[in-house]
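Please look through the sequence and the structure below before reading on. The paragraphs that follow move from strands to sheets and then to a helix.

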Amino acid sequence: MSPKRVVIAGAGQGGFQVAASLRQEGFDGEVLLVGDEPGLPYQRPPLSKEYIKSGNAERLLFRNADFFEKNAIRYLDGRRLTAIHRAEGTVELDDGQSHGFDHLVLALGARNRRLPIAGMDLEGVLQLRTLADAERIRTAIRPGLSLVVIGGGFIGLEIAATAAAAGATVTVLEATDRLMSRVVSPAISAHFLAMHRAAGVDVRLGTMARGIRGDDRGRAAAVEIEGGAVDADLVLVSAGIVPNVEIAEAAGLYVQDGIRVNDLMETSAAEISAIGDCASFPFGHDGTLIRLESVQNAIDQAKCVVQRLLGRPEPYDKVPWFWSDQAAFKLQIAGLTAGADHQVARASEDGAKLTVHCFRHGALIGVETVNAPADHMMARKLLALATAPTLETVEAAGFDLRAVFAAVSA
């Protein structure tokens, strides 16, 4: 039986999608969507890309205000979930109000990881998570600004590219031996290292920030590294995120690198689901526990929850995909490539396009592309097949993914 009242905690991509899909799929019960930021729900990925350039906040919105009214979605903005009372079937918000639920969806997202170094609270030390954060970064970027980015992941590099194009002097400090090392192959890391350095970004690999030094006004002035310091007018800390699980854990839900769910997005309490950045779930044939930080994951998990609530349960088994726009280069990833034991890179003659085929135990597990959208889309089709293409099959087709698809679909 479908619930009569669904409460959704979190108004990011996943939370909004649950509310919208409930109505699109004909749910006629009550829907309450709670968001902890003021204003209408919006997209986060453009914050480090288009928004830094344009400052157009309206283009970020999922829907205008009339969408919520027309679809009878009650939206409470600027409110934060503070407690879940499972026995009573209620949630408590930071405004002191309680709201009952038949089913609760936790789309609590994540927060920025705080580095354990001195100077994190100095003025001019910023992190990016919200629209307000993006606006502070956008207004600070100017020609001649000295920007130090701590962390060579997607967000840090996206902002570094934008700031360099705007005339800022940019230094990226990456503690590991290559960029984006947690999520991409060495070939992709090398490609983007060359691109950023060609654009004038000073990328320092194997360099850890040891502290942030302030001036006599309490503003960031330099980032301390081994053997010296890098001057900075602005410091962007981009050191990953931490899933928001504390409230779920306090309510007795099972937590394991996120709020633990099964392949239907059910938590250890039948009346509560969890999705998106805050949820860990079994992936693949071996059921490896993973947690994904991506728009695709949040949207598809939201739809999975809605189908289950409406009596049409289907296990979650979507192919993960990700992207990052850095200067004129679009990185797209299909599948999870971090566990690859064999990689084959193929570049176009002019070097403008790059495709990296990633294998594990002789089977294709993912494809990374730069400015090669056709390869990316074909990779998503191949990875959605019941049986992954083998290395031999891909080699026989000359690493032409369209030919591979034709061969395995024949």
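In this predicted model, Ala-345 has Val-356 in β25 as its bridge partner. Strands β24 and β25 are joined by 6 bridges and run antiparallel. Both belong to an open sheet of 5 strands, ordered β22-β23-β26-β25-β24, in which the pairing is antiparallel. At its edges lie β22 and β24 (342-347), each of which pairs on one side only. From one strand to the next, the twist averages 15°. Helix α5 lies across β22 and β23, and runs at about 25° to β22.

Strands of a sheet may pair in either of two ways, parallel or antiparallel, through backbone hydrogen bonds. Strand β11 (residues 169-174) is connected to β12 by 4 bridges, and the two run parallel. Val-172 stands opposite Val-203 of β12.

Attention now turns to helix α6. How far apart are the end C-alpha atoms of α6? The helix comprises 13 residues (186-198), and at 1.5 Å a residue it should span 18 Å; the end C-alpha atoms are 18 Å apart, so the expectation and the model agree. Its buried residues are Ile-188, Ser-189, His-191, Phe-192, Leu-193, Met-195 and His-196. Among the elements that cover these buried residues are α5 (154-165) and β12 (202-205), together with β22, β23, β25 and β26. Just after α6, Gly-200 adopts a positive phi of about 95°.

Technical notes. Residues are numbered from 1 along each chain as its sequence is written. This is a predicted model: local features need pLDDT of at least 70, side-chain atom pairs count only at pLDDT 80 or more; totals for chains, interfaces and linings use all residues. Side-chain values use heavy atoms; hydrogens and water are left out. The expected span of a helix is 1.5 Å times one less than its number of residues. Buried means under 20% relative accessible area, exposed over 50%, partly exposed in between (1.4 Å probe, protein chains only). Contact means heavy atoms within 4.5 Å. Two strands pair if DSSP finds at least two bridges between them. Axes are lines fitted to C-alpha atoms, for helices over the stretch in contact, and angles run from 0 to 180 degrees between N-to-C directions.
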